[in-house]
Amino acid sequence: MVERRVTVGWAEGLHARPASIFVRAATASGVPVTIAKADGTPVNAASMLAVLGLGAQGGEEIVLASEDESAEAALDRLAKLVAEGLEELPETV
């Protein structure tokens, strides 16, 4: 399993627009990814309802993970997106 621990960089957390940006990016990554609060149960990162249900706040740590061995680069890009509160998935890290 590949995983990244990252602090949510969006001040409003993973709500509404940031969650939508994240879910689109997770879906576009092409690998199955889960997201969880630091001590929580992982949920499908490509599900808007699941991501909103986490209630992840700005400054809170989350864990991005994947069973896919080729997920290193995808998780790096998603981690950067979340940590920096970007508006779109970065092409490179």
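**View 1. Ala-25 sits in helix α1 of this predicted model.** Helix α1 covers residues 16–28, and Ala-25 is part of that run. Is Ala-25 buried or exposed? Its relative accessibility is 5%, so Ala-25 counts as buried, the cut-off for that label being under 20%. For a sense of scale, look also for Glu-12: 13 residues separate Glu-12 from Ala-25 in sequence, and their C-alpha atoms are 18 Å apart in space.

**View 2. Helix α1 packs with helix α3.** Here the partner is α3, made of residues 72–84. The two axes lie 10 Å apart and form an angle of about 175°. Angles over 145 degrees count as roughly antiparallel, and α1 and α3 are therefore roughly antiparallel to each other.

**View 3. A closer look at the contact of α1 with α3 shows the residues that meet.** From α1 come Ile-21, Phe-22, Ala-25 and Ala-26, while α3 brings Leu-78, Leu-81 and Val-82. What kinds of residues make up this contact, nonpolar, polar or charged? The tally is 7 nonpolar, with no polar and no charged residues. Ala-25, the buried residue of the opening view, takes part in this contact.

**View 4. Ser-29 is found in the loop between α1 and β2.** Which atom does the side chain of Ser-29 reach? The answer is the backbone oxygen of Ala-26, at 2.6 Å.

Note on methods. Residues numbered from 1 in each chain as written. Predicted model: local features only at pLDDT ≥ 70, side-chain atom pairs only at ≥ 80, totals over all residues. Heavy atoms only, no water. Helix = DSSP H or I, 4+ residues; strand = E, 2+ residues; numbered from the N terminus. Buried < 20%, exposed > 50% of the residue type's maximum accessible area, 1.4 Å probe, protein only. Axes fitted to C-alpha atoms, helices over the stretch in contact; angles between N-to-C directions. Parallel < 35°, antiparallel > 145°, perpendicular 65-115°, else oblique. Contact = heavy atoms within 4.5 Å. Nonpolar A, V, L, I, M, F, W, Y, C, P; charged D, E, K, R; others polar. Polar contact = N/O pair within 3.5 Å; in protein donor to acceptor, adjacent residues only side chain to side chain.
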